[in-house]
Amino acid sequence: MEYRLVERISPERLELCLKQLAERINRDYHGKSLVLIGVLKGAFIFMADLARRLSIPVQLDFVRLASYGDRSESCGSVQITKDIELSIEGKHVLVVEDIVDTGITISWYLEYLKGRCPETVRCCALIDKKERRRVEVAVDYVGLNLDSGFLVGYGLDYSEKHRNLPAIYEVIFEDVAPREKTLQGGR
Ligand code: PRP
């Protein structure tokens with residue numbers, strides 16, 4: 001399928017967004033330490049940049065979640081395909097996502113983590129697509145509210161491509177057939 005990329009969020013705006021998020025997190029967890037759990041693969045760049053701006057003590061870990069559905073949307077069945085390795089019992093935990101879309105993945109994972117008895121568990125997403133929610137979930141720290149467009153770059157992919165781009169781009173599909181249009185609204 002032919003497509004082109006149009007920049008939506010510049011590296012400078014991402015930088016400002018990271019600075020503001022880090023300031024809030026540093027303030028909220030002042031005097032505490034935090035376990036950051038990055039959700040692979042999309043969160044790997046955001047997590048690295050956010051972690052470097054935190055002044056509180058942090059431990060880092062990663063989880064890989066598979067959410068089954070069609071190409072563009074989760075369907076509600078989530079599985080862990082790579083688990084965290086740290087114990088989170090009694091600790092403050094912040095789950096770091098690149099994007100929350102239907103909310104199915106993060107909602108399931110936050111509930112799952114509660115079973116491991118953390119002191120607190122919250123989530124931080126670079127991008128919140130609130131209008132596409134299918135399950136109620138509050139994202140505690142939101143970098144950007146963006147409701148439309150299929151986005152890539154800064155960790156986000158289209159068929160595993162473009163994760164390495166330093167800005168966030170919208171994928172504009174050319175000569176879109178009706179069935180393919182559904183891709184544009186989702187991740
Ligand atoms: C994306 C994103 C979230 C999830 C959000 O991951 O990183 O984990 O989808 O969608 P939801 O709110 O509709 O559940 P994806 O499955 O694309 O994997 P990736 O991070 O490896 O690209």
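Predicted model: local features only at pLDDT ≥ 70, side-chain atom pairs only at ≥ 80, totals over all residues.
## Contacts around I127

Contact here means heavy atoms within 4.5 Å. Leaving aside neighbours within four places in sequence, I127 is in contact with D98, I99, V100, L144, L146, L151, L156 and I168.

I127 also has a place in the largest nonpolar core, a set of 31 residues. Together with I25, F46, L50 and L126, I127 is among the residues that touch the most other members of that core.

## The nonpolar cores

Helix α1 gives the most, with 6 residues. Apart from this core lies another, of 20 residues, with Y109, L110, A125 and V137 among them.

As general background, nonpolar side chains tend to be buried together in soluble globular proteins.

## The chain as a whole

Stepping back, the protein chain holds 4 helices and 9 strands. Read along the sequence, they follow the pattern β-α-β-α-β-β-β-α-β-β-β-β-α. The protein chain has 187 residues, and 47% of them count as buried.

## Aromatic pairs

The structure holds 7 aromatic pairs. One of them joins Y3 and Y158 in an edge-to-face arrangement, with 5.1 Å from centre to centre and 80° between the planes. Y3 lies in strand β1 (residues 3-9) and Y158 in the loop between β8 (150-152) and β9, so this pair ties together parts that are 155 residues apart in sequence. Are these two residues buried or partly exposed? Y3 counts as partly exposed, at 23% relative accessibility, whereas Y158 counts as buried, at 10%. Ring pairs also link Y3 and Y158 with F150 and F173 into a cluster.

W108 and Y112 give us a stacked pair, because their ring centres are 5.3 Å apart and their planes are at 10°. Both residues lie in helix α3 (residues 104-114), 4 residues apart, which is about one turn of the helix. W108 is partly exposed at 29% relative accessibility, and Y112 is partly exposed too, with a relative accessible area of 30%.

## A buried glutamate

Now for E170, which sits in strand β9 (residues 168-173). E170 counts as buried because its relative accessible area is 18%, and the cut-off for buried is under 20%. Which side chain does the side chain of E170 meet in a polar contact? The partner is the side chain of R8, at 2.7 Å.

Not counting residues up to four places away in sequence, E170 touches R4, L5, V6, R8, G149, F150 and L151. Among these neighbours, F150 also belongs to the aromatic cluster with Y3, Y158 and F173.

## An arginine in helix α1

R13 lies in helix α1 (residues 11-28). At 43% relative accessibility, R13 counts as partly exposed. Leaving aside neighbours within four places in sequence, R13 is in contact with R8 and L144. R8 is also the polar partner of E170, and L144 is also in contact with I127.

How far apart in space are R13 and A167, which are 154 residues apart in sequence? Their C-alpha atoms are 8.8 Å apart.

## Cysteines

How many disulfides does the model contain? The count comes to 0, and the reasoning rests on distance: a disulfide needs a pair of cysteine sulfur atoms within 2.5 Å. For C17, the nearest cysteine sulfur is that of C124, 8.4 Å away. For C123, the nearest cysteine sulfur is again that of C124, at 7.7 Å.

Technical notes
Residues numbered from 1 in each chain as written. Heavy atoms only, no water. Helix = DSSP H or I, 4+ residues; strand = E, 2+ residues; numbered from the N terminus. Buried < 20%, exposed > 50% of the residue type's maximum accessible area, 1.4 Å probe, protein only. Polar contact = N/O pair within 3.5 Å; in protein donor to acceptor, adjacent residues only side chain to side chain. Core = buried A, V, L, I, M, F, W, Y, C linked by side-chain atoms within 4.5 Å. Phe/Tyr/Trp six-rings, centres within 6.5 Å; stacked < 30°, edge-to-face > 60°.
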